[in-house]
Structure formats: C-alpha cells, structure tokens
Amino acid sequence: MNSVPEYSSAEDDQTETADLKIDLELLWSQVKGKIWLPFLVAILCGAVTLLLTKYFIKDSWKANTIIIRHQKNMSSQANIPYLYLQIDFNTIMQTILVRDHLLRVIERLEISLTPEDLYRNIIISRGNRADIINITAIWHQPEMAVKMSDAVSAVFLESYSSVQNSAAQKVNSYFLNELSTSRKALIAAQQAESDFRQKHNLLSFDNQMASNYQKIQTLEIKYIESQVATDEKRAKLKATISKLTTIPKEIPLETMVAGAALNRINGLRENLQLLKLKYTSKNPKVMALEQKIATLQINSDNTSVTGRVDTTIYGQNPLYLELELEMIHYEFDLYVSDQSLAGYRLGINNTKDSLQRLSALRQEHQRHQDKMIEYRHLVSTLEGRVTDSKLALESNISDFEIIENALPPKYPERAYRKLMAITAGVFGFTVSALILIARVLFDPRVKTRNDLDPKRLIGVIPDKDTVEECHYYSAFQGLFSNLEQLRSESKNRSKLITLSSTHQHEGKSTIANALTDIYLRQGKRVLYIESVEEGDGVDEAILNPFIYGKESQWQPLNVADSIDHAYFVYDQDIYLNYLDKTSFDITINTISQDYDVVIWELFPAQRHLQLYSVINNSPAAILLIAKSLFTRKDNLNRVSNYLSEKNIKPIGIILTQVPKDIYHA
C-alpha cells in the first residue's frame, strides 16, 4: 500500500467566512450572556475620562487686549521710495507670535515657559471687517492671563517697526556690503592695470606697433634683394660646375726616355728629402712630390716591361684648377648669402612675434580697462540703491495703538469634562460591543449545524447539563436513526463503526457509550474498542499484537452480558510496524465474527494518518465528532476532506455539547 500523503492544503486552511450569514436570533443567544460587558466598559471609560479630565484639564481664564491700526492717509504713493511696503493685515497678525517676541514676553513676565507653550496659550484674531486685532491670553490664573495679553501687545508694538523695516534693513545692509566690496574691487582693478603697464613697459601701443610694421617692411626689402643676389650666384656656380665636367683634370706635361726617367726619379727623391727636412709629411708640397715620384716609378716599371724607350709625365690641368677655385669662391659667397637670408627671415619672424605679443597685451589691457569701467558703473548704481534704502527706512513708522487693555475675567472657560466623559463612555460601549459581535461572527469554532456540511451531518446533541432530558434523548434517537440509515446505504457490510475527532475531550466516549446502550437494548452483542495511551496502565484485552499478526488469538474483556471491551494502545510500535488494508480487513472480520456491532473509539487523525486511513477503510460508518464552541472548523474540514480524497465512505458528522441557547436558536 502506498504511503498516506499529508492532508493539509491551502483550500483546507481557509475558514468558511466568505458566505457569512448572520442569524440574529443565534447571534443574540451567544452575546446576551455577555451584554453586561459593553455597559461595564462604557461606565469605566466615562468614569476614568471624568477623573482624568479633572486632574489634567485645569480651569482656564481668558483675557483680551484690543489693538487698532490707523491709516497713514498718504495722498500718493509716488513719493514713497520703492522699498516701502504696505504690509497685509493678515501678515501682520502672523508676525505677532514669532519666536523672538515670545522669548521677550517670557523674559518680561519671568515665567518658566517655552515659546511653544506660550504660543499655544495665545490666540490672535481680527475684528469683523475692521482693522482691529484681538490678542487673547488663556491661563489657569486670571491675573496672569491679563499680564500675558498686555505683554504680548506691548512687545508687538515695540517691535513692529523693526518687523516692518526688516526687509528694507536687510536690503540696505546688502547694498552697503556690496558697495564696499565693489569699491575694493575697483581699486584692485585700477592697481592691476597700472601694474600691467609697468610690467610690460607699455607706453603707447600705436607707436610701438607702427615701429614694428616699419621694421618688417625694411627687412622684407633687404630679404628680397639678398634673395636676388643669391639666385644670381647660384646660377654662376651651376655654370662653373658645368664647365668643370667638360675639362680634363690632368694633362701630359713632358716626355722622358727610360734612363732619364730614373735620373729624374732620383733627383725628385733628393728634393723630397730636402722638403721633409723643412716640412712634415702632411704638407701639401711633400705629398704632391711623393705622388709625382710614385707616378714616375709606375711609368718606369711599365717601360721596363713593355720595352718602351720614352715616358710621358701627366699633371693637373691649370684651367681646371682655376675653375675649381672659382667654384669654391661661388660656394662660399652662396653660403654667406644664405646666412643673410636666414638672418632677415629670423628678423621678420621676431618682429611679427613682437606684433602678436603687443596685440595680445593690448587685448589683455583692454580687459583691465573694461573691468574698471564695469566696477565704476556698479559702484555708481549701488550708491543710488543705498540712498533709496535709507529713505525707505526713514519712511516706515508704526501705525498701531492699544485702544483697550485686558481686564480680569469673571468666569473660567468651559472645560467640557462631562461631554468628554459621555463621549468616552459611548465610544467604549461601541468598541466593546463591536468586538464582542465580531468575536461571535468570526469565531473559527463550530457552533451550530450551519457551520457543518448538511449532507454529512447526522446528529446534533445538546449539552446534557443545560437542556431537559427529553430533548437530549430525543436528539440521540434521531442520531441513532440517521446512523442506521447511513449503515444501510453503505456498500461496505462491515460491522465496524469508528468514532474520531480532531482533538481529545470532544465527546467520543459519551457518544460511544450511548450508542452501545442503544444496541444493547436491541439485544445485539457489542464489542467496544477504546484507544488509550501507552501510559494509561492497560495490560489486558489489548488488540495490538493480534492486529499486527504477532499473536494468533486475542481475549476480550467481558464487561456485562452482550458487551465486551478491548483496547488499542497508542504506543511506539504502531510507528515501527506497518499495517496494510488487506491484513486489517481479515483481522477485523475475524474479530467481528462473534459480535453484531463493533464500536471503535479512534485517536485524532493527525497522530497517525496511515493507520487512521487503513482503519477507516473497513467500517460501515465513520463518525466525526465536533464539539460546539470547541472544535475548529478548519481542523474538522481538513479531516473530512482528507477522507474524501482517500475515497473513504460513508462519513457522518455529529455535533455534540451544543449549549441550550444555541441549540434552541
């Protein structure tokens, strides 16, 4: 057999309050026993409120001072400076209780109050469509109320001019500060312009720039002339180089016979020795003579080989040397001209840089001058603003006057203590009554048959201690009749009837005993199986070994004629041993052979779901016990839905111990 799943679900956890129907008769039957509670709460709330108001709400006295505002009667606003403002009357009323005024009143009266406390005790109001201000002081002493009202009025009159002129005073101070700052800035700008001229040695930008333009013109003329001369020299150099390419560098100088060549070589060598005595080996003359000797020696050797008689001596061409010297001269002149051109170009560039520098300095100097002009204009404007603000300060004068000082009040103000007490009593009664009704309406417990599934409800048993016996036994007879009909309609012809509930002490034993008595009166043999805890001390007529197949026989406990008693012990072994439906059906059929009815009082379903479902698969009737005002609807619905999901039938619900008022309602 598969393991039994958990039977809780989101739908099962919801209480059936969606279709809330209010039965007024039933509601009254449940609340009438507690109707005294809202009245008690109302009396307590009223009494407590009255005592608290007497203690915390002191008698208050009210004193009033009247102030009038006179019209200035100015014929025109044109002569009033632009900063003069005619303050709105409501605005003036709001300035009376500013923090500074309240602090001055507290200091003058020498009272230990905070400005916030004093503010709450002063009321400012305006006369009906009149330029009159009523300053009202409320205090628990009449003399102090008079002093507070007069003091607030006096402080207001003393400070009204400063309040009226506060904006003009701030504007005047602002302009004075700005004027001082602007003057300092103007002096700083003038000093910066003077320092700038001295730093760059500037006298006249126009003269210096004209001088630089004249200098650039002169240098450009010289540059052009030098460039023309340079081009002319470069053309001559090119012609000279062209001539050199057409003229041989060496030409034949003389022809000698072989013997004469040797003599000539020897003579030259002697001359070489003489030259070396005068000059070093790097001297051009020495080097030329060594070259000449080497040439003659080579020619002499060639003559010996070929057998020739005479020798031709070659030397440098004088024309070539002349052209070569001319080329060197042109190259030097061209180099000098290029240097002159570079000097002119450098002078032109330097002069242009000087012009750019002068232009930049001129722009920067112009910025200094613009700043000085700006500050001069700002100083002039601020001086006019300062003059206007001074005129505004002198024009604003106070136009308020006290026309009636405060008088000591004769009677205290009404405190409304009784009204508060009555209101608190009504409020307490209403809240407590609503709470009481809400607790009844939204009570999650089962109370009446309306809280149960009518298709499964087979009996409603009243509380035996509160109703007449005739009603009680009549309800049992109706229950028994419905039970027998439930058994007859069941497809299972088992003799087993199970009784279970969601918790202990919900009336299972009472119902089981009553049903047993009825079956005994009908002459039927009954076996009553009771589920007990392991620690209850039961040691005989225990069914556990026989049901789990550990023993082949069992012996019930005979209580009286036609009734036997047996026990099913709720111990640890029922968790360790597994019981399947087939073996249980065989066992329960064996037990039921000697009886007409077997009534089994089961344990709560949630204690062992698998065992609970196996046992309830065999009965001809499964009775769920719900105790009025005790069993929760959601718990009962979870068990009922779980049995339906497992297709365990038939199920009958019995509502027990219903109070008399609810039962008759």
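Here are some questions and answers on this predicted model.

Residues are numbered from 1 along each chain as its sequence is written, and side-chain values use heavy atoms, with hydrogens and water left out. Because the model is predicted, local features need pLDDT of at least 70 and side-chain atom pairs count only at pLDDT 80 or more, while totals for chains, interfaces and linings use all residues.

Q: How many helices and strands are there in the protein?
A: Both kinds of element are DSSP runs numbered from the N terminus: helices are H or I with at least four residues, strands are E with at least two. Counted that way, the protein has 21 helices and 14 strands.

Q: What percentage of the residues in the protein is buried?
A: Buried means under 20% relative accessible area, exposed over 50%, and partly exposed in between (1.4 Å probe, protein chains only). Of the 665 residues, the buried share is 39%.

Q: Which residues have the most contacts inside the largest nonpolar core?
A: A nonpolar core here is a set of buried Ala, Val, Leu, Ile, Met, Phe, Trp, Tyr and Cys residues joined through side-chain atoms within 4.5 Å. The largest one has 45 residues, and helix α19 (residues 609-615) gives it its largest share, five residues. Those with the most contacts inside this core are F568, W600 and L643.

Q: Which residues does W600 touch, not counting residues up to four places away in sequence?
A: Contact means heavy atoms within 4.5 Å. With those sequence neighbours set aside, the list for W600 is L496, I497, T498, L499, I529, S531, I547, F568, F584, I588 and I615.

Q: Why does the length of helix α9 agree with what its residues should span?
A: The expected span of a helix is 1.5 Å times one less than its number of residues. For the 40 residues of α9 (residues 205-244) that should be 58 Å, and the end C-alpha atoms agree, at 58 Å.

Q: Which residues of α9 are buried?
A: An α-helix has 3.6 residues a turn, so residues three or four places apart point the same way. In α9 the buried ones are F205, M209, N212, I216, L219, Y223, S226, T230, L237, T240 and L244.

Q: Which residue follows α15, with a positive phi?
A: Helix α15 (residues 508-521) has 14 residues and reaches 20 Å from its first C-alpha to its last, close to the 20 Å expected. Its buried residues include I511, L515 and Y519. The residue that follows α15, with a phi near 80°, is G523.

Q: Is D451 buried or exposed?
A: D451 is found in the loop between α13 (417-441) and β7 (457-462). Its side chain reaches the backbone nitrogen of K447 at 2.9 Å. Because its relative accessible area is 16%, D451 counts as buried.

Q: How far apart in space are L186 and H377, C-alpha to C-alpha?
A: L186 is in helix α8 (residues 166-200) and is buried, with a relative accessible area of 13%. Leaving aside neighbours within four places in sequence, L186 is in contact with M372, Y375 and R376. L186 and H377 are 191 residues apart in sequence, and in space the C-alpha distance is 9.9 Å.

Q: How many disulfides does the structure hold?
A: A disulfide is a pair of cysteine sulfur atoms within 2.5 Å. C45 is partly exposed at 26% relative accessible area, whereas C470 counts as exposed at 52%. The number of disulfides in the structure is zero.

Note on methods
Polar contact = N/O pair within 3.5 Å; in protein donor to acceptor, adjacent residues only side chain to side chain.
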